[in-house]
Amino acid sequence: MPVPLSILDLAEVGEGESAATAFEASVRLAQGAEGWGYRRIWYAEHHNMPAIASAATSVLIAHVAAHTASIRLGAGGVMLPNHAPLPIAEQFGTLATLHPGRIDLGLGRAPGTDQNTLRALRRDPSAANHFPSDVVELQGYLTGETQIPGVQAMPGRGTNVPIYILGSSLFGARLAAALGLPYAFASHFAPQALVDAVAVYRQEFQPSAQLDRPYVIAGINVIAAEDRATAEQQLLEAKRRRAKLLFSRGRPLSTDEADALLASATGSQVSEMLRYAAVGTPGAAVEDLRRFAAHADADELILASAAPDKAVTLRSFELLADAYGLAAAA
């Protein structure tokens, strides 16, 4: 049986657009995805990034949940070292109380931002070292088995919001395995350790109250269009945009400058980030997804649109759902 498909929505703010435009697009995408048969949509915590509007992840989830009825929504993820576990348990406990059975909580160890913004977040540089114990503390608040005597998450206690460990290295794989939690690998932008991390996770997995067997979600970039030329052009535009974001150093880059960077050794970083991508007509993209699912040994795929055009993104997910047979499978 084909693996389920889900969506990672970065709430991207395009050139000349506002955050409000991004939020409107996120609602439209979630409403479409709900009807097309996608399993879940996740939003990622990023700070001080003008091109991404999902910094207040739990607030965005609440907004989209209020405009949808059944699709699962969650964080992919909350960068836990930026926060104390208790308020995250309260936030997601509130979401789960308002929208029962629909909320996920993915947790990451990376800061999701730059060093100056870390200081603005009042983040302790050593906070990442406490990530494993913070995950256990947070899980205790959500199950009601608190690790801190006399302290409960209200709301949150007993909601049992499912926790997922996000990662792009063997550290996250081993932690997810030790805690018996699902593991989501960020292969849509950090593909290097995918195969090794999934193998380690499956080998070392220990069953838990949440999960009795390993469960892997792998990320992949997608662009589907009625014709391959459109998809390829969108992929080129996506690469140019990433080159500008990564290498502009505060000054605008022309299209010619972006292309020159992409053709250089420095620009190869962009191609490597997009190593795992399903691009082309719907049928061709679906074949790419199936091959990738087997390669990644994944139980579920989470798709990140590489297309910078929001209309293309929406249509892309619709075309993929139809070609993959999501509605029929549901």
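I looked up the largest pocket and found a volume of about 1400 Å³. This is a predicted model, where local features need pLDDT of at least 70, side-chain atom pairs count only at pLDDT 80 or more, and totals for chains, interfaces and linings use all residues. Residues are numbered from 1 along each chain as its sequence is written, and side-chain values use heavy atoms, with hydrogens and water left out.

I noted the terms. A pocket is an open set of points on a 1 Å grid over the protein atoms alone, where a 1.4 Å probe fits, with protein on both sides within 12 Å along at least five of seven lines. Lining residues have an atom within 4 Å of a point. The volume is the space filled by probe spheres set on the points, which are joined across faces, edges and corners.

**The pocket**

I asked which residues lie nearest the centre of the largest pocket. They are His46, Met49, Ile52, His188 and Phe189, out of 49 lining residues. Elements giving two or more residues to this lining include strand S3 (72-79), strand S5 (163-167), helix H6 (170-179) and helix H8 (228-247). Helices (H or I, at least four residues) and strands (E, at least two) are DSSP runs, numbered from the N terminus. H8 gives the most, with 5 residues. By class I read 26 nonpolar, 17 polar and 6 charged residues in the lining. Here Ala, Val, Leu, Ile, Met, Phe, Trp, Tyr, Cys and Pro count as nonpolar, Asp, Glu, Lys and Arg as charged, and the others, Gly among them, as polar.

**Helix pairs**

Next I checked H1 (residues 19-36) against H12 (residues 310-324). Their axes are 10 Å apart and the packing angle is about 10°. Axes are lines fitted to C-alpha atoms, for helices over the stretch in contact, and angles run from 0 to 180 degrees between N-to-C directions. H1 is therefore roughly parallel to H12. Angles under 35 degrees count as roughly parallel, over 145 as roughly antiparallel, 65 to 115 as roughly perpendicular and the rest as oblique. Among the H1 residues that meet H12 are Ala22, Arg28 and Trp36; Lys310, Phe317 and Glu318 are among their partners. Contact means heavy atoms within 4.5 Å. I counted 7 nonpolar, 1 polar and 3 charged residues in the contact of H1 with H12.

Then came H3 (residues 85-98) and H5 (residues 131-143). Their axes come within 9 Å and cross at roughly 40°, so H3 is oblique to H5. The crossing is right-handed, meaning that the near helix is turned clockwise from the far one by less than a right angle. Pro85, Leu86, Ile88, Ala89 and Gly93 in H3 meet Asp134, Glu137, Leu138, Tyr141 and Leu142 in H5. That contact has 7 nonpolar, 1 polar and 2 charged residues.

Last pair: H7 (residues 194-204) and H11 (residues 282-296) cross at roughly 55°, with axes that come within 9 Å. H7 is therefore oblique to H11. Leu194, Val195 and Val198 in H7 meet Phe292, His295 and Ala296 in H11. I found 5 nonpolar, 1 polar and no charged residues there.

**Backbone**

Where are the cis peptide bonds? One joins Gly76 and Gly77, with omega about 10°. Gly77 sits in strand S3. Another runs from Met154 to Pro155, with omega near 0°. Pro155 lies in the loop between H5 and S5. I also noted Ala11: its phi is positive, about 50°, although it is not a glycine. Ala11 is in the loop between strand S1 (5-9) and H1.
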